[in-house]
Amino acid sequence: MSNVVNIFYRFDNPNAKYFEKIIQKEIKICIYNFLHLMKIFIHENQRAKKGYHHINFRTNANNWMIQHAKDIEYVERLFGEYIETYGSTQYIKRKSTFFYTNIIPFFNKSLKKYSYLIDID
């Protein structure tokens, strides 16, 4: 009897459970920070409709946008380290596919509405 488990992909690696928890935690942190950024944009959007502007809005928005970009980059880096260390397991395939097909488009779609508030410079 052969030792072939599956010819298409590897199954979950039991040694990678701790790393998988870290990835899951960082994705949750990324989403939480994005929700805080969206709260800032929603409040400023309401103020802009009334003609009022918050003094510290630009600073807060820029800082949270930088944090948002860092969070996404960190999650992508964790995906890369996981693949280098444990190979392409079923977990990382599912998690990265979910991240790139659901979470990132959600971020982009949500930010598109408030693009006039984002300082690109």
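Q: Which way does the crossing of α1 and α2 go?
A: Left-handed, that is, the near helix is turned anticlockwise from the far one by less than a right angle. Keep in mind this is a predicted model, where local features need pLDDT of at least 70, side-chain atom pairs count only at pLDDT 80 or more, and totals for chains, interfaces and linings use all residues. Residues are numbered from 1 along each chain as its sequence is written, and side-chain values use heavy atoms, without hydrogens and water.

Q: And what angle do α1 and α2 pack at?
A: About 160°, with the axes of α1 (residues 17–50) and α2 (residues 57–86) 9 Å apart. The two are therefore roughly antiparallel (angles over 145 degrees count as that).

Q: OK, next pair. How do α2 and α3 pack?
A: At about 165°, axes 11 Å apart, with α3 spanning residues 90–113. That makes α2 roughly antiparallel to α3. The crossing of α2 with α3 is left-handed.

Q: Which residues in α2 meet α3?
A: Among them are Met65, His68, Phe79 and Tyr82, and on the α3 side the list includes Tyr91, Phe99 and Leu111.

Q: Switching topic: how many residues has the largest nonpolar core?
A: 28, and Ile23, Phe41 and Tyr82 have the most contacts inside it. A core here is a set of buried (under 20% relative accessible area, 1.4 Å probe, protein chains only) Ala, Val, Leu, Ile, Met, Phe, Trp, Tyr and Cys residues joined through side-chain atoms within 4.5 Å.

Q: Which helix gives the largest share of this core?
A: α1, with 9 residues.

Key. Axes are lines fitted to C-alpha atoms, for helices over the stretch in contact, and angles run from 0 to 180 degrees between N-to-C directions. Helices (H or I, at least four residues) and strands (E, at least two) are DSSP runs, numbered from the N terminus. Angles under 35 degrees count as roughly parallel, over 145 as roughly antiparallel, 65 to 115 as roughly perpendicular and the rest as oblique. Contact means heavy atoms within 4.5 Å. Buried means under 20% relative accessible area, exposed over 50%, partly exposed in between (1.4 Å probe, protein chains only).
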